[in-house]
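Student: I would like to work through the pockets, strands and aromatic contacts of this protein. May we begin once the structure is in view?

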Amino acid sequence: MPDETVRSASYTVSCEDYVHVVEFSPFDCGSPASLLAYGGNQYVVVGTCRFKSANLLEFTSLQVFMHGVRVDAIAWSPETRLDKLPPVIRFCTAAADRKVRLWTSDLQNNCDVKVMEGHTSYINHLVFEPAEGKQIASVSDDHTCRVWNLDGNETISFRLRSPGVSVCWHPEDICKLMVAEKKGTIRFYDLVTQHAILSLDSGQVPLMSADWCLTNTIKVGAVVANEWVIWDITRSSYPLEKRPAHVDKARHFRWSRANENLFATTGYPGKINSQLLVHHLGHPQPVMIGSACVGAGLSWHRTLPLCVIGGDRKLFFWMTEM
C-alpha cells in the first residue's frame with residue numbers, strides 16, 4: 001500500500017475531557033459555519049467549525065451542557081437554527097444511565113432538558129426524524145427500537161431479535177426507518193403499518209455499525225467482524241461487496257455526505273491508537289489511513305469530505321481529496 005495514504009490528522013482541537021462521541025450536524029443551520037457537538041464523561045460541548053485557511057480550522061464553543069453522566073450518543077435536530085433570534089439549539093443524547101435526553105437552548109439563559117425513560121439497557125444509537133424533527137428513534141441492547149415524540153412519550157416500539165446497534169431515518173420518506181442488529185440483520189420498517197418491509201443479511205456476526213447512504217438511498221453499508229460490507233437494496237438482500245478492513249474488529253461505518261462513493265470505518269480503540277480508514281467504492285484499497293489516540297465516535301461534515309473522530313482530550317479531523 002503506498003505510504004502517501006497514511007496521514008496524520010489535518011486538524012486537531014483540544015478538549016477538556018475524553019471524547020466518547022462526536023457529531024457534525026447533518027442539517028443546514030443557517031450559518032456559514034458548521035455545528036459540531038461532542039460528549040465526554042460529564043458534559044456536551046456544542047460549537048461551530050469554520051475554515052480560516054487550508055491549514056487552519058477554528059472551533060468556537062457556543063455552550064457547555066452539564067450532563068452529569070457519560071454521553072454515549074448524540075443526534076441533531078433539523079430545528080436547530082443559528083440565524084433565528086434568539087437562536088435555537090436542539091439535540092438529544094443517550095447516556096450510560098439508559099436514558100434519552102432532549103436538550104433545547106437559546107444559547108443564553110434558557111435551557112430545557114426532557115428525560116425519556118423506557119430502555120432497560122445500554123442505548124447504542126439515536127436519530128431525529130429529518131424533515132421536521134418531531135420524533136426521535138433509539139436502539140438499545142435491550143432488543144428494542146423505540147420512537148419518541150418531543151413531549152418525551154414513547155409512541156412506537158419494535159421488538160428486535162438481538163441488540164440494536166444503529167438506526168437511520170429515510171431523508172425524504174419519514175415513514176421509513178432502518179434498524180441494524182448485532183446478529184447481522186438490517187430491517188426497514190414502515191412506521192405507519194409498524195411492520196418490517198425489507199431485510200438485509202450480512203451473513204456473519206457481529207454487526208457493529210450500519211449507515212444508510214442519504215445521498216443515494218439504495219446503498220447501505222456496515223462493518224461486520226473486521227470487514228466492511230455494502231448492499232444495493234434493489235438487487236439483493238446479501239452484500240454486493242465486502243472487504244477486510246481492520247486487523248481486529250471494526251467499530252463504526254459512516255457514509256460521506258459529500259460523495260456517495262466515499263465512506264469511513266474505524267477499528268476498535270486499542271491500547272494506544274484507533275485506526276480510521278477512508279474508502280472509495282472505486283478503489284480496492286483505502287484512499288486514506290489515519291490513527292487517533294484511543295479514538296471514539298465518527299462523523300462526516302455536511303458538505304465537505306471531512307470526517308472527525310474523538311479521542312483522549314482531542315478531536316481529530318481528516319480532509320480527504322475527492
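**Pockets, strands and rings**

Tutor: In this predicted model, strand S6 gives the most to the lining of the second largest pocket, namely four residues.

Student: Which residues lie nearest the centre of the second largest pocket?

Tutor: The second largest pocket has a volume of about 550 Å³, and 31 residues line it. Two or more lining residues come from each of S2, S6, S10, S14, S18, S22, S23 (262-267) and S26. Nearest the centre are Asp72, Tyr122, Asn124, Arg251 and His252.

Student: How do the residues of the lining of the second largest pocket divide into nonpolar, polar and charged?

Tutor: Strand S6 is the top contributor to this lining, with four residues. By class, the lining residues of the second largest pocket are 13 nonpolar, eleven polar and seven charged.

Student: What volume does the largest pocket have, and which strand supplies the largest share of its lining?

Tutor: The largest pocket is lined by 30 residues, with Pro26, Phe27, Val127, Leu214 and Arg257 nearest its centre. These lining residues divide into 20 nonpolar, four polar and six charged. Among the strands that each supply at least two residues are S2 (21-24), S6 (71-76) and S10 (123-128). The volume is about 650 Å³, and the largest share of the lining, four residues, comes from S10.

Student: Which residue of S16 stands opposite Val179, and which residue of S17 is the bridge partner of Ile186?

Tutor: Strand S15 (residues 176-181) runs antiparallel to S16 and is joined to it by five bridges. Strand S17 (residues 195-201) also pairs with S16 in the antiparallel sense, over six bridges. Opposite Val179 stands Arg187, and the bridge partner of Ile186 is Leu200.

Student: How many aromatic pairs does a search of the whole structure find, and is the pair of Phe91 and Trp103 stacked or edge-to-face?

Tutor: The search finds 14 aromatic pairs. Phe91 lies in S7 (residues 89-95) and Trp103 in S8 (residues 100-105), twelve residues apart.

Student: Are Phe91 and Trp103 buried or exposed?

Tutor: Buried means under 20% relative accessible area. Phe91 has 0% relative accessibility and Trp103 has 5%, so both residues are buried.

Student: Why is the pair of Phe188 and Trp212 classed as it is?

Tutor: The ring centres of Phe188 and Trp212 are 5.0 Å apart, with planes at 70°. Phe188 lies in S16 and Trp212 in S18, so the pair ties together parts that are 24 residues apart in sequence. Planes over 60 degrees apart count as edge-to-face, so this pair is edge-to-face.

Methods: Residues are numbered from 1 along each chain as its sequence is written. This is a predicted model: local features need pLDDT of at least 70, side-chain atom pairs count only at pLDDT 80 or more; totals for chains, interfaces and linings use all residues. Side-chain values use heavy atoms; hydrogens and water are left out. On a 1 Å grid over the protein atoms alone, a cavity is a set of points where a 1.4 Å probe fits but cannot get out, and a pocket is an open set with protein on both sides within 12 Å along at least five of seven lines; lining residues have an atom within 4 Å of a point. Grid points are joined across faces, edges and corners, and a volume is the space filled by probe spheres set on the points. Ala, Val, Leu, Ile, Met, Phe, Trp, Tyr, Cys and Pro count as nonpolar, Asp, Glu, Lys and Arg as charged, and the others, Gly among them, as polar. Two strands pair if DSSP finds at least two bridges between them. Rings of Phe, Tyr and Trp (its six-membered ring) pair if their centres lie within 6.5 Å; planes under 30 degrees apart count as stacked, over 60 as edge-to-face and the rest as tilted. Buried means under 20% relative accessible area, exposed over 50%, partly exposed in between (1.4 Å probe, protein chains only).
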